[in-house]
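This briefing covers charged side-chain pairs. Please view the structure first.

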Amino acid sequence: MNDPQFVEAARQLAAGALKASADADARLDFLTTRLLSRNFTPAEKAVARRTADKALLAYQADPAAAQALISVGESPADAALPAAELAAWTLTASQILNMDEALSK
């Protein structure tokens, strides 16, 4: 799932989630309804929130890594979105894309 097309798809989903809401739970609902046709349970949401939160801290500390991730693919990243936040949510979207439920829907 590290294929550039999957990374780019995750980035596009992340950008949509970032534009849809500033609330992390609403962003997760945005992603899961599109990828799983359901919302996460509270336990699943907690796991995904930890991923997003840890990734955001890591990408804020390493802007070059954030830029490298959001540069994957042919479409340009939305320059209006903060790179670290977009990268963190790209990673979160990728995590959801990698779920068996998303792959065998």
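The model is predicted. A search of the whole structure gives 6 salt bridges. Those described here include the pair of arginine 27 and glutamate 85, and a network of Arg38, Glu44 and Glu101.

**Helix H2 to helix H5**
- Arginine 27 pairs with glutamate 85 in a salt bridge, with the closest N and O atoms 2.8 Å apart.
- Arginine 27 sits in helix H2 (residues 24-35) and glutamate 85 in helix H5 (residues 83-97), so this contact ties together parts 58 residues apart in sequence.
- Arginine 27 has a relative accessible area of 7%, so it counts as buried, because the cut-off for buried is under 20%.
- Glutamate 85 has 23% relative accessibility and is partly exposed.

- Arginine 38 forms a salt bridge with glutamate 101, at 2.7 Å from N to O.
- That pair links distant parts of the chain, 63 residues apart: arginine 38 is in the loop between H2 and helix H3 (42-61), and glutamate 101 is in helix H6 (residues 100-103).
- Arginine 38 also forms a salt bridge with glutamate 44, where the closest N and O atoms are 2.9 Å apart.
- Shared partners join Arg38, Glu44 and Glu101 into one network of salt bridges.

**Exposure within the network**
- Arginine 38 is partly exposed, at 25% relative accessibility.
- Glutamate 44 is partly exposed, at 24%.
- Glutamate 101 is partly exposed, with a relative accessible area of 32%.

Note on methods:
Residues numbered from 1 in each chain as written. Predicted model: local features only at pLDDT ≥ 70, side-chain atom pairs only at ≥ 80, totals over all residues. Heavy atoms only, no water. Salt bridge = Lys/Arg side-chain N within 4 Å of Asp/Glu carboxyl O. Helix = DSSP H or I, 4+ residues; strand = E, 2+ residues; numbered from the N terminus. Buried < 20%, exposed > 50% of the residue type's maximum accessible area, 1.4 Å probe, protein only.
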